[in-house]
Amino acid sequence: MAEYSKTEESRQEQNRQEWERPWESGPLRVSENGRYFQCGETPFFWMADTAWLLFHKLTLEESRQYLRNRRELGYNVILADCMHGPGQTNRDGEAALPGGSFREIPSEAGFWKHVDQVLDMAKELGLYVGLLPIWGSSFVPQGLVSGAEMDDYLDFLLERYASYPNLIWIVGGDVRGDADRALFVRMGRKLKEAMPQTLVGYHPFGRTSSSLWFQEEGWLDFHLFQSGHRRYDQVSLQAWDDGREEEFQFGEDNWRYVAHDRTLLPARPVLDGEPSYEEIVQGLHDTAQPYWMAADVRRYAYWSVLSGAAGHTYGHNAVMQFYGDKSVSGAFGVRSLWSEAVHHPGAAQMIFLKRVMESCRYQEGAAAQELLTEEQGGAVRVYSGLCRAGLCAGLYLYRTDDLSGSGSV
């Protein structure tokens with residue numbers, strides 16, 4: 001495995017003062033009203049990018065390029081998992097579990113030295129990392145990890161990363177909480193007990209929310225929902241990721257998850273942890289279907305935030321899997337290289353939402369659909385709050401005809 005060069009170390013030192021490190025204002029925590037995040041007394045607007053395979057697919061130099069790109073575009077959280085599946089290796093072929101066991105991981109294993117260095121890069125750049133110990137859907141339903149094995153594995157991670165100020169622990173990983181609720185509760189409690197000042201969340205299965213299974217759990221600091229990648233007409237595709245009829249059937253209306261979870265007590269921040277990715281096939285499975293594009297990812301971002309979400313999570317199909325070789329088939333109809341996709345318009349446009357919200361006292365605002373004189377079918381989202389000049393309101397139009405006819409503000 002390649003190590004940092006002296007040139008890279010020098011560059012990191014030169015940039016040390018460039019990047020604001022939000023945790024220097026205080027640990028990331030939930031605001032007093034239970035709805036948002038802050039570092040110390042400074043509001044923190046979650047703007048995350050999805051990089052599930054960051055530790056597995058990229059070299060150290062590529063990791064630095066990716067993380068710097070995201071930092072320059074205004075992102076402040078990166079989501080990545082330690083192990084995406086059994087037999088996990090990194091770009092250099094180094095195994096996460098050299099002996100094949102969760103219970104005996106050598107501290108000097110090259111895989112984990114690589115993870116160390118990528119986390120260090122993120123820290124230098126002022127980025128939080130939402131770290132998933134495992135991608136739950138690849139391990140838990142199959143019974144590939146026991147509670148005792150998970151305890152030993154988490155002990156390994158906690159000993160290694162307890163001192164990192166830029167971690168957010170995320171349990172789950174595209175998996176239903178009832179796949180093994182006892183295991184997930186065990187994980188959440190252990191992480192929170194060991195690092196009480198570090199936030200803990202849960203990344204759920206498509207078109208569900210962590211609130212379905214863990215609303216009463218004290219270790220859960222915020223709710224993530226996965227609005228997913230389907231159109232309104234794709235309720236059932238006879239596929240492995242079909243939802244259950246008795247649960248959320250919100251289609252593309254990700255703002256409805258926010259509205260639902262904000263009614264629950266105790267109050268928690270709510271976030272879309274996986275909306276439709278830019279340039280991913282609608283419905284995931286049929287590559288003849290259209291793709292979700294920049295306009296769609298903007299819609300999900302504004303709809304959820306103007307409904308009271310504590311921020312937003314962006315994703316790009318090529319980036320989340322770090323697709324780097326067009327001679328090899330990728331997943332979900334991927335058609336761009338990750339190195340191209342980091343420059344796609346949806347990714348660059350998230351910063352405008354972040355700037356708008358940070359320009360006002362958004363933590364004192366709320367959804368304000370009542371400002372519309374006529375129901376607009378959910379397509380128009382309105383938010384009101386306090387700004388530097390007094391009371392302000394923000395209105396997002398997804399289509400130019402959203403306020404056609406007699407509808408007005």
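Predicted model: local features only at pLDDT ≥ 70, side-chain atom pairs only at ≥ 80, totals over all residues.
Residues are numbered from 1 along each chain as its sequence is written, and side-chain values use heavy atoms, leaving out hydrogens and water. Local features need pLDDT of at least 70 and side-chain atom pairs count only at pLDDT 80 or more, while totals for chains, interfaces and linings use all residues.

**Stop one: α5 and α6**

Select 147–161 (helix α5) and 181–194 (helix α6): their axes sit 10 Å apart, at an angle of about 25°. Helices here are DSSP runs of H or I, at least four residues, and strands are runs of E, at least two, numbered from the N terminus. That angle makes the pair roughly parallel (angles under 35 degrees count as such). Now show side chains: among the α5 residues in contact (heavy atoms within 4.5 Å) are Met150, Leu154 and Leu158, and the α6 residues include Leu183, Met187 and Leu191.

**Stop two: α9**

Next, pick 294–305, the 12 residues of α9, which reach 17 Å from first C-alpha to last. Tyr300, Tyr302 and Trp303 are among the buried ones.

**Stop three: Gln282**

Finally, go to Gln282, in the loop between β12 (280–281) and β13 (291–292). Gln282 counts as buried, at 9% relative accessibility. Leaving aside neighbours within four places in sequence, its contacts include His229, Arg231 and Trp292.

Note on methods
Axes fitted to C-alpha atoms, helices over the stretch in contact; angles between N-to-C directions. Parallel < 35°, antiparallel > 145°, perpendicular 65-115°, else oblique. Expected span 1.5 Å × (residues − 1). Buried < 20%, exposed > 50% of the residue type's maximum accessible area, 1.4 Å probe, protein only.
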